[in-house]
Amino acid sequence: MLARSNPEMAFTSLNHYIDYEWVRYAYDCTRKDGAVGVDGQSGEDYAVNLTQNLLGLVDRLKSGRYRAQPVRRHFIAKADGGRRGLGIPSFEDKVAQRAIVMLLEPIYEQDFHDCSFGFRPGRSAHEALRSVWKGVMYRGGQWVLDVDVRKYFDSIDRAKLRELLARRVTDGVVRRLIDKWLKAGVLEDGQLTYPDSGTRQGGVISPCLANVFLHYVLDEWFAAEVQPRLRGTSTLVRFADDFVVILAHKDDAERVLRALGKRLGKYGLELHPDKTRMIDFRFQPQSGHGDYQEPLTTTFNFLGFTHVWVTSEKGRAMVRQLTAKDRVARTLKAISRVCRAMRNRPLRDQHQRLSRMLKGHYAYFGISGNYERLASLPYQVARIWRKWLSRRSNERSMPWVAFTRILQLFPLPQPRIVHSYAKP
């Protein structure tokens, strides 16, 4: 591939790839049941005159007549009690952004480092978690920098992003389209605003642009300038803007933390003063043993898992990745909402929905060493289900005998380990 053989080359002509077949494939890759944008048009609505809509989109993209619509502001709850603002583009904007992402990905996939896992084809959060585990168990990591970049997506300096994009992409049509999406307004409670920084979370192209920015700001800098100057081993693991640095020596960790704040500040980013911390992750055993005996070592959370040292039944020190307590609470809260909303629906429908939710939880959190955290979930879900089934009658509480018969007819899925790599 041209991008791989010419790492310094800037691509001046990419828009000739944008034809009907290209945009049709972008449409096929776009989620049809997602939230609608400011125009209220759904994927189903767009498909009514699909051919004409896509042909018109191609013409407008290439001629410069394309206009990005404002994004609709939508908030979702965060684990810490706050809210994360998303910008929901119109369906056609999602298709157009997917078409441009399909142009950019093959180029930047040749440049991105192995430490980056988020929103990349063929890479996943579980690979990132495995890299963290290996960084401690196999590479001697004892000090962890748990880093939080304050409001990353909203803080990206657009001028600097354009400079970084220009290193690889100078095609005028592509660059103008990206600028239109960056400048698109935000509609919230009927008020239209035009933020002068950042790229809106929720857009199809936002993760790609965010990865490009941190590739140059963090990944390349760490590999080229930081690691060669360290006394011991180090591992950087990044999933979008969420990352940890695992180091063998305390003095290396202190130096990297100081340099990291200066480096990010140079590009308009800021470390969150309360959520960024240096963790002594050396194993410090305590008396007793058992698979989930927690030693005195401080823990840290990453990608929904709490990382903690334990002593296995064989007496070995192991790092376990356990479902973070806030994630368990979030799952149970979501299940309670579903049970409440569906309490008057047929039991079969309720069971199917709960089974899907539990299987989805197991698919992500089913990591070796985490079975004990998973094992209690069906019982907790059963209690919630029983509570809301009781509310649809005049009874205060459904007798457990009656509810047990329901569980026999509609058994809840039991946990299973899907991702196995941490051997006891």
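Let's start at phenylalanine 213. Neighbours within four places in sequence aside, Phe213 is in contact (heavy atoms within 4.5 Å) with Tyr152, Ile156, Asp157, Lys160, Leu161, Leu164, Tyr267 and Leu269.

A word on the source. This is a predicted model, where local features need pLDDT of at least 70, side-chain atom pairs count only at pLDDT 80 or more, and totals for chains, interfaces and linings use all residues. Residues are numbered from 1 along each chain as its sequence is written, and side-chain values use heavy atoms, with hydrogens and water left out.

Now the cores. A nonpolar core is a set of buried Ala, Val, Leu, Ile, Met, Phe, Trp, Tyr and Cys residues joined through side-chain atoms within 4.5 Å. Buried means under 20% relative accessible area, with a 1.4 Å probe and protein chains only. The largest core holds 70 residues. Ile100, Leu104, Tyr152, Ile178 and Phe213 touch the most other members. Helix H10, residues 206–226, gives the most to this core: 12 residues. Helices are DSSP runs of H or I, at least four residues; strands are E runs, at least two; both are numbered from the N terminus. Apart from this core lies another, of 47 residues, including Met318 and Ile335.

On to the sheet. Three strands form an open sheet, ordered S9-S10-S11, with antiparallel pairing. Strands pair if DSSP finds at least two bridges between them. Which strands stand at the edges? S9 (300–302) and S11 (317–323) do, each with a single partner strand, so one side of each is left without a neighbour in the sheet. Three bridges join S9 to S10, residues 305–311. Phenylalanine 302 stands opposite phenylalanine 305 in S10.

Technical notes. Buried means under 20% relative accessible area, exposed over 50%, partly exposed in between (1.4 Å probe, protein chains only).
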